[in-house]
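Dear colleague,

My notes on it follow directly after.

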Amino acid sequence: MISPVAYRISATVTVKSPATSWASTSLLLSLLLECFAFNLVGAFRSPSSVAHIVRSSVAKKHDFVCRWSSPTPAEVEDTTGGSYLDEKQLEFCKAYLNEHHKTDVLLPFTHSFSELGTKSVKKNMWIGGSYSIVDAEVTDITSAAIHIEATVEEGGTSKKEQVVVPLDSDPVSGMARTYPTLPQIDPLKLNHASKKPIDNFCRRMSRLCNIVKAYKATGKLIQMGVQLGGDGVGKLHDDMYLNQVPHNRYVRQYFYDMASNAALEAATLCSKKQFPNRMKMTVMFPEMNPQMDSYRIGTLLELSRSMAIKLAEQNLRVRVCVQGSMGVGIFTGVPKQLNGVHTLLQRMDWQSGPGEENEGMVGDFVNFGFVGKEHVVNFNRGEGDTPDTQKDDVFIIICPQNMVGLESSIIKALSEMVDAAGDRPVIILNPDLTDKTSSEGQQSVRGRQQRLDFANSFETIYQFQNIYVSGTSYFPILGSVVKLGPLEPWVAHQRRDLVNDGGEVYLPMYSSETQPESEVLMATFEK
């Protein structure tokens, strides 16, 4: 858990648009905020699943329609008329960058990603300050680059230079030590998760801003993408009031939908060999955090059920697993967080009885098990009147975690299960695979690196984790760190209270392709 330094946020903060110039304001007023549905097509399925079709609850029940409904993937729309950005988006981006990010973005871009930066290093090597870039202004934005007109002063004279900064560039020679480069964004992530040009532009710009350490600008870019008609990348709903427990059921459903959509999208990508089969999901809003007194086991079970049903509706066989008793002799047991979970899962109302909307789902498309290779079911053809045994397509493992004591590491059983699953998706939900205190050094020194490598081999497909003002207090909520899908960027939000009890909002403050560090978050959050 991230433990920021302790400080308070004013309870009355006025939220303003990132652009306030007359040009950007007039353009902003002509735009509508849009939030498009995210519709995933296709699913990972095994050949054994084709013969058994589950009646989709989507076709049998009314859709859950309310303002908390979570986004689903949108179809690609051509709104640019053949150009990269449409006219309004282009003019807004140029006006906003020139007005508000000349010092922290445009000038560092000119130094770091153009030949002017190399020339500046060479000329200033002997006489410091003899060659300086004093101004930079965006003149055009294309799908490949930003065109900048730079003002250079040399020997008491000033001149204009035209600079082209590629959106996928790395620091030029002489600047790589000052600004270490970052890996290129996977084209699959750009094409799949950011299909609209404005989202594509903002995400590539965020990478360049992270290189030049303009961290605050990345959050503004996320806000700009939402304002200019993007797909709402990194956007969270307002008025969730997560400090109030128990949470409203619509808030819970919002998280269930987001997590379920992310799991289905990840399984689909895995079936296309575009995503690894080892997946991790961290959902840590207050009712899901076992370290808080607001922890509610029912929320964990409902989330697991929602994910399993979402996958089963796509004709996938899902096995929901919970780790069993571990230890030796009288020193055996299960983690307190998981006590009774296996039994409760099977006793939940899955609406799977005769005449119910998920009739026949449990026992056919949804099954239960423990952690271990013996609980991985493969296809076996039956003999005579014995029916075929259908293979599991997806595995959901609830909160796998180590325990204090000898022979209490879950790593061995979990790794054997993952190996037995082969290339089928294995999703671990809220794992805790860190070593615990144990006798004979089993979870301290021996094999530690191998355990760390195994734990790090799982790719995050969804994360929502609140950030608090201090590590010892869970009130008030400072913000959140989220990754809303397997191909989405990481976005950090700061929670703000609107004036006159107008509600609360989560404002994007930072974005990157990797999980943000606490030092960066504290540098971007406003005090």
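Val138 stands opposite Ile148 in β2. Please note that the model is a predicted one. The strands concerned are β1, covering residues 131-141, and β2, covering residues 145-154; they run antiparallel and are joined by nine bridges. Together β1 and β2 form a hairpin, with three residues between the two strands. As a general point, side chains in a regular strand alternate between the two faces of the sheet.

**Helices α7 and α8**

Two packed helices are described by the angle between their axes and the distance between those axes. For helix α7 (residues 197-211) and helix α8 (residues 215-227), the axes come within 9 Å and cross at roughly 175°. Angles over 145 degrees count as roughly antiparallel, and α7 and α8 are therefore roughly antiparallel to each other. On the α7 side, the contact is made by Ile198, Asp199, Phe201, Cys202, Met205, Ser206, Cys209 and Asn210. These meet Tyr215, Ala217, Thr218, Leu221, Met224 and Gly225 in α8. By class, the residues of this contact divide into nine nonpolar, four polar and one charged.

**Leu208 in α7**

Leu208 also belongs to helix α7. Is Leu208 buried or exposed? Its relative accessibility is 0%, and because buried means under 20%, Leu208 counts as buried. Leaving aside neighbours within four places in sequence, Leu208 is in contact with Phe109, Phe113, Pro166, Leu167 and Ser169. One of these, Phe113, lies 95 residues away from Leu208 along the chain, yet the C-alpha atoms of the two are separated by 9.1 Å.

**Helices α9 and α10**

A further helix pair consists of α9 (residues 249-271) and α10 (residues 297-312), which pack at an angle of about 40° with their axes 9 Å apart. The crossing of α9 and α10 is right-handed. Helix α9 contributes Arg252, Phe255, Tyr256, Ala259, Ser260, Asn261, Ala263, Leu264 and Ala267 to the contact. From α10 come Thr299, Glu302, Leu303, Ser306, Met307, Lys310 and Leu311. Sorted by class, the contact of α9 with α10 has nine nonpolar, four polar and three charged residues.

With kind regards

Notes. Residues numbered from 1 in each chain as written. Predicted model: local features only at pLDDT ≥ 70, side-chain atom pairs only at ≥ 80, totals over all residues. Heavy atoms only, no water. Axes fitted to C-alpha atoms, helices over the stretch in contact; angles between N-to-C directions. Helix = DSSP H or I, 4+ residues; strand = E, 2+ residues; numbered from the N terminus. Left-handed = near helix turned anticlockwise from the far one by under 90°. Contact = heavy atoms within 4.5 Å. Nonpolar A, V, L, I, M, F, W, Y, C, P; charged D, E, K, R; others polar. Pairing = 2+ DSSP bridges. Parallel < 35°, antiparallel > 145°, perpendicular 65-115°, else oblique. Buried < 20%, exposed > 50% of the residue type's maximum accessible area, 1.4 Å probe, protein only.
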